Amino acid sequence: MKRREFLKDSVIGATGLVAAGSGLLNPTILTAARTQKNTSAGELSFFPQYVQRGQGAKLLDWAYATDSNWDSFHSNITANEGGVKISDAAGQKKFGIDVRWNVEDFGYLFLTADNGGKYYELPAEGKSTELNLNLELAKSRVLRNRRRLKKLQKDSRWEPSTETKGLVDLSDEYYHDARKLSIKDIKCGQYAQKSLNYALYASEAMELDNAHYLITQQGHRPDFFMGCDARSFIQMDPELFMERFTEIYNYATITHYNLSGYYQDFERVEGQKEFGLRQEVFNQLKRNNITVEGRPLYWPYKSVTPDWLRNKSYDQLLLYIEDHVRKTVGHYGDGMYAWEVVNESHDWANELQLKPDQITQVTKLACEVAKDTNPNVGRLINNCCPFAEYVQLKKWGELDAKYPQRTPHQFMQDLVDAEVDFTITGQQMYFPYRDLQDTILLVERLEEFGRPVQLTEVGASSGPTKESINSGRLEMPTEPYIWRRPWDEELQADWLEGLYTLAYSKPWIEAVNWYDFVDPYSWIKTGGMLRSTAGEPKASYHRLLKLQNEWKAL
């Protein structure tokens, strides 16, 4: 039976969803090919000058390329001690490169080189071009800072602080000194590295300066959600959990994983849904005036996908999705603020190995059924891996990807183009091995979809502890520190404060949800807000409470 007829007769017709003009009755191939036929050209190479003082890693042994929209694409780019090389940009005429480079005194982070915003082009076939990696990284950040500073000033009539201006000026001066020298001169690399260091501090300073100004102008946002997953209700004393949780959060998520290593399985056996424990958690949260979100309705990741679901055909999956969404959403009535409809389905979590257009159709069906079941409940799309490095690695989680992959942004654009009826855009932002300016620039791309944005899962480590070392869960680091200094409780709180401040300053961001609440059960190792189930708050807990009190006083 053709897919259109199957949807109409077997799924939609039996549920009353056949309405005039329903998009589900006209499933078309929604996803155009992302990757053009590979076209080899000449070689573009970037040689590093290792001017760092330390003995640890300086350049990661793989890199990836991004197009002019900052979406990653698969190419033949390579990285090793000798530098970065690319000779086939998969049909992309203009592109940037993204490398993990150690900027001592700031961090060992992923950085984008994009020729100062003009992007690179491959030389003609048989030709080669060699560039200085240090200088290109500095140029790209220095010139981006100039453009960003002008935009922030224009958009908000804000003026940067003396500190921000000083950092911008220092990075400019060192960059100009580097440009005067031969790209082979080691001093060129040294000046460029200093320029990049100051430019990274300038990037974060201008974003936080501007965010503080905007928050002061807009005042307190009483409807802004700060939340976390509520599974710690069963990991520690429930009364202590509720006391600590409700002091800093007004929003909670309740997970419904078919298989779960730390919670009651929701549907280990097909058709046998276990609402009992989740209903108890839901009731307790609602009694304490916490807004609740259910999640996820569909997450095809390895650890949570039972074989009975993994082995379904596409047509069988559609039948299951319709039944599953209707029963799960319907169980809670109007009690949920929103449902996370799909999680990490942007060609990342794909245990059923669906094609991109099939994933889009599954998402569309799930949203339609959720809306039909309860139109008052929000429908959230949750994406992970914000910078989409997996596209270069060709990975669906732990599986090798069989089809061209989309970045989260490309996936969301496909949903919009397919008229998928979602109401909230969700993006995870676990510490992304990027600075705060890269982070907020990536998030700002989501505003264009015209829905409220949630940072659905965010988190960072508070560093190794005696317990984590003894248990082997998190040992002492062996590579250069990632951001500012080695992770500790205060640095975790610093990153939390920076991210929450940036998010709070954007009226179109409605929520930030920290994952997770208590160690040692946090997904990010030592990433909880509490040190243990005994309930001792970390610095990040106190920092968040301090921020909330400051913003309430505006």
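Which residue just after H11 takes a positive phi? Select Glu419: its phi is about 60 degrees.

This is a predicted model, where local features need pLDDT of at least 70, side-chain atom pairs count only at pLDDT 80 or more, and totals for chains, interfaces and linings use all residues. Residues are numbered from 1 along each chain as its sequence is written, and side-chain values use heavy atoms, leaving out hydrogens and water.

**Stop one: H11.** Select residues 408–417, helix H11. Helices (H or I, at least four residues) and strands (E, at least two) are DSSP runs, numbered from the N terminus. Seven of the 10 residues are buried, so H11 is largely enclosed by the rest of the structure. Buried means under 20% relative accessible area, exposed over 50%, partly exposed in between (1.4 Å probe, protein chains only). Among the buried ones are Phe411, Met412 and Leu415. Now show the cover, which includes helix H9 (356–373) and strand E16 (424–430).

**Stop two: H2 and H3.** Select residues 133–156 for H2 and 162–179 for H3. They pack at about 140 degrees, with axes 10 Å apart. Axes are lines fitted to C-alpha atoms, for helices over the stretch in contact, and angles run from 0 to 180 degrees between N-to-C directions.

**Stop three: Glu207.** Go to helix H4, residues 186–218, and pick Glu207. At 2% relative accessibility, Glu207 counts as buried. Which residues does Glu207 touch? Not counting residues up to four places away in sequence, they are Arg148, Leu152, Gln437, Ile440 and Leu502.

Technical notes
Contact = heavy atoms within 4.5 Å.
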